[in-house]
Amino acid sequence: MASSSSSSPPSSDPSLETVAPHAAVTGERKLNPNLQEQLPKPYLARALAAVDPSHPQGTRGRDARGMSVLQQHAAFFDRNGDGIIYPWETFQGLRAIGCGYPVSIAGAILINLVLSYPTQPGWMPSPLFSIHIKNIHKGKHGSDSEAYDTEGRFDPSKFDAIFSKYGRTHPNALTKDELNSMIKANRNMYDFIGWITSAGEWMLLYSVAKDKEGLLQRETVRGAFDGSLFERLQDSKKSA
């Protein structure tokens, strides 16, 4: 696969430039100018598959079951498959991917507390803090990578930008410092809930899925977006 930070000669058309000379940050956080050559229609958000140049059709053999990519991500925690996630199911899912008891308890409380009301089918809150997967797009927070759009589709260009902008040591992986840089760079002004939520999600992912060199690999992150990573982590823990 071509590097996500591949360089190309300056364009003769200024409207295609991705770096502004007087905006240093545009040179520091680079975009991949060759993405359209590596992946068909990278600007088109995919409803059913988390695609990238190495996986132009998404995760091989994965059945989307008609769910958006964001719904697939959440569905791993729906342990009985009824479309609703209760706090004890969130706890079970976190334990299944390798989180300890304290993190799983805290995560179950916080995740369901934050996502329950926005995803309810009506105005009444759930006394059991349930999360409805069909409405999970309503729980999308700010200050994130925007690799999910507001309807829960997967945006390949935003996903690619995670690595082209911040993967400076390795083109297809993030160190912990690079991950922290991305989290800070994605912060929207005064979006305190988004800041905390985004940091918590990424740090949790790093803790359970970093490799032996302390890197968060591109394929690992892609698998987190469609939920296939969670299934691999669960299978790995069962076989250990």
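Let's start with Arg62, which is partly exposed, with a relative accessible area of 22%. One thing before I go on: this is a predicted model.

What does the Arg62 side chain meet? It forms a salt bridge with the side chain of Asp226, at 4.0 Å, N to O. Look at where the two partners sit. Asp226 is in helix 9, and Arg62 is in the loop between helix 2 and helix 3. That pair therefore ties together parts that are 164 residues apart in sequence.

Now Asp226 itself. Its relative accessible area is 2%, so with the cut-off for buried at under 20%, Asp226 counts as buried. Asp226 also has a salt bridge to Arg222, at 3.9 Å, N to O. These two are 4 residues apart in helix 9, which means about one helical turn between them. Arg222 is buried, like Asp226. Which residues do the shared partners join? One network holds Arg62, Glu219, Arg222, Asp226 and Glu231.

How many salt bridges does the whole structure have? The search finds 10. Another one of them pairs the side chains of Asp149 and Arg153, at 2.8 Å, N to O. Asp149 is buried, at 17% relative accessible area. Arg153 is partly exposed, at 32%.

Next, the domains. The assignment for the protein chain gives domain 1 as 67-138 and domain 2 as 141-239. Their centres, taken over C-alpha atoms, are 19 Å apart. On the domain 1 side, 16 residues make contact, and they meet 16 residues of domain 2.

A word on interfaces. Their size is often given as the accessible area lost when the parts come together. Here, domain 1 and domain 2 bury about 1,400 Å² between them. Carbon and sulfur atoms account for 67% of that.

What about polar links across this boundary? There are 0 salt bridges between domain 1 and domain 2. There are 5 residue pairs in polar contact, both residues at pLDDT 80 or more. On the domain 1 side, helix 3 (69-75) and helix 4 (87-96) are the elements giving two or more residues. Helix 3 gives the most, with 4 residues. By type, that side of domain 1 has 9 nonpolar, 5 polar and 2 charged residues.

On to helix 6, residues 156-166. Here 8 of the 11 residues are buried, so helix 6 is largely enclosed by the rest of the structure. The buried set includes Phe159, Ile162, Phe163 and Tyr166. It also includes Asp160 and Ser164. What do the buried residues pack against? Helix 2, strand 3, helix 7, helix 8, strand 4 and helix 9.

Asn135 is buried, at 11% relative accessible area. Leaving out residues up to four places away in sequence, Asn135 touches Thr119, Gln120 and Pro121.

Last topic: backbone angles. Most residues other than glycine have a negative phi. Two residues to look at here are Phe129 and Tyr190. Phe129 has a positive phi of about 55 degrees, and Phe129 is not a glycine. Phe129 is in the loop between helix 5 and strand 2. Tyr190 also has a positive phi, near 65 degrees. Tyr190 is in the loop between helix 7 and helix 8. Are they buried or exposed? Phe129 is partly exposed, at 38% relative accessibility. Tyr190 is exposed, at 62%.

That's my tour. Questions, please.

Technical notes
Residues numbered from 1 in each chain as written. Predicted model: local features only at pLDDT ≥ 70, side-chain atom pairs only at ≥ 80, totals over all residues. Heavy atoms only, no water. Domains from an automatic or database assignment. Contact = heavy atoms within 4.5 Å. Buried area = accessible area lost by both parts, 1.4 Å probe. Polar contact = N/O pair within 3.5 Å; in protein donor to acceptor, adjacent residues only side chain to side chain. Nonpolar A, V, L, I, M, F, W, Y, C, P; charged D, E, K, R; others polar. Buried < 20%, exposed > 50% of the residue type's maximum accessible area, 1.4 Å probe, protein only.
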